Amino acid sequence: MSGTPRLSNQAAAAATAPIATPVVLVELDFATGPFRVWTGLGPLDWAGKVFEGAGSIGAISDVEETVELRAVRLTLALSPVPQEVVDIALAERSYRLRPVTLWGALLDAQGSFVADPFPLWAGLMDTMEVTDGAEPSVALACESRLVDLERAEVRRYTDADQQAEYPGDRFFEFVPALQEAEIRLPIQ
C-alpha cells in the first residue's frame, strides 16, 4: 500500500484499521508562551511537548487546500470556556502575526500514536474575538503565510525608514538636502 503525501505507509495502513482515531494537535505561539491543545481529552505528550485536551469545547473550521496560490483562513474556537481562559485571552496583546501550527495524527485503541503526527496547516494568528457572558467563548482567526503576498509593502526611500530597518546606516542621510540642491555640471 502506498502512502498519501501526508501519511506514512504505516499511518495509511492504520487509517483503515477497525480502531484508528484521527486527532488534531494545535500549537499557538503566543508571546507569553506556547498554548497547546488537542481534540481529545486529558494531556497528550508528543515530541517533548504536552498538549492539553480540549474535548468537545474546541472547534476548528475546515482546513482548506487549494491548487491556487492564495491565502486561506482558519478559525479556532473554544466555547464555553472557563473565566480564566477569557481573562488570559483578554490580557494577550501581541498575538497578531505569531505562528500557528496544526498537526494531524492517528491514535490506536490504547491512545498511542500510530505514526508521527504530520503537518496539517501552518499560518499566523490574525484576530481574536472574545465573548464574555453566560457562555464565554474565544475565537481566533488565522491566515496562511501566503497572506504576506497580498499585503502592500510600505517602504520609503527616507533616512527614517532606513534607520528603522538598519540602525546606523547613513545611506539616505543626505537625500533631503539633495532634493533642493542645484547641481551644475561642467560645460565642455
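Ala141 is situated in strand 9, which covers residues 137-144; helices (H or I, at least four residues) and strands (E, at least two) are DSSP runs numbered from the N terminus. The model is a predicted one, in which local features need pLDDT of at least 70 and side-chain atom pairs count only at pLDDT 80 or more, while totals for chains, interfaces and linings use all residues. Residues are numbered from 1 along each chain as its sequence is written, and side-chain values use heavy atoms, with hydrogens and water left out.

With a relative accessible area of 11%, Ala141 is buried (buried means under 20% relative accessible area, exposed over 50%, and partly exposed in between, with a 1.4 Å probe and protein chains only). When residues up to four places away in sequence are not counted, Ala141 touches Arg73, Leu74, Thr75, Met125, Asp126 and Thr127, contact being defined as heavy atoms within 4.5 Å. Ala141 and Met128 are separated by 13 residues in sequence, and their C-alpha atoms are 6.2 Å apart in space.

## Salt bridges

A search of the whole structure gives 10 salt bridges, each being a side-chain nitrogen of Lys or Arg within 4 Å of a carboxyl oxygen of Asp or Glu. Asp126, one of the contacts of Ala141, forms a salt bridge with Arg96, and the closest N and O atoms of this pair are 3.0 Å apart. Asp126 belongs to strand 8 (residues 118-131) and Arg96 to the loop between helix 2 and strand 7, so the pair ties together parts that are 30 residues apart in sequence. Asp126 is buried at 9% relative accessibility, whereas Arg96 is partly exposed at 43%. Both residues take part in a network of salt bridges that links Arg73, Arg96, Asp126 and Glu143.

Two further pairs may be described. Glu27 forms a salt bridge with Arg36, with 2.7 Å between the closest N and O atoms; Glu27 is buried at 14% relative accessibility. Arg170 and Glu173 meet through their side chains at 2.5 Å, N to O. Of these two residues, Arg170 counts as exposed at 52% relative accessibility and Glu173 as partly exposed at 32%.

Glu92 is located in the loop between helix 2 (83-91) and strand 7. Glu92 is buried yet has no salt bridge, and the nearest side chain of opposite charge, that of Arg98, is 6.4 Å away (Lys and Arg count as positive, Asp and Glu as negative, while His and the chain ends are not counted). Apart from neighbours within four places in sequence, Glu92 is in contact with Phe30, Ala31 and Thr32.

## Aromatic pairs

Rings of Phe, Tyr and Trp (its six-membered ring) pair if their centres lie within 6.5 Å; planes under 30 degrees apart count as stacked, over 60 as edge-to-face and the rest as tilted. The count by this rule is 5 aromatic pairs. In one of them, the ring centres of Phe51 and Trp103 are 6.1 Å apart and the planes stand at 85 degrees, so the pair is edge-to-face. Phe51 is in strand 4 (residues 49-53) and Trp103 in strand 7 (residues 99-107), so the pair ties together parts that are 52 residues apart in sequence. Phe51 is buried at 0% relative accessibility, and Trp103 is buried with a relative accessible area of 11%. Ring pairs join Trp46, Phe51 and Trp103 into a cluster.

The rings of Tyr157 and Phe172 have centres 5.9 Å apart and planes at 40 degrees, so this pair is tilted. Tyr157 lies in the loop between helix 3 (147-150) and helix 4 (159-165), and Phe172 in the loop between helix 4 and helix 5 (175-179), 15 residues apart. Tyr157 is exposed, with a relative accessible area of 71%, whereas Phe172 counts as buried at 12%.

## Backbone features

Most residues other than glycine have a negative phi, and most peptide bonds are trans. Ala47, in the loop between strand 3 (44-46) and strand 4, has a positive phi near 55 degrees and is exposed at 58% relative accessibility. Leu97 likewise has a positive phi, of about 65 degrees; this residue lies in the loop between helix 2 and strand 7 and is partly exposed at 40% relative accessibility.

Ser79 and Pro80 are joined by a cis peptide bond with omega of about -15 degrees. Pro80 is in the loop between strand 6 (73-78) and helix 2.
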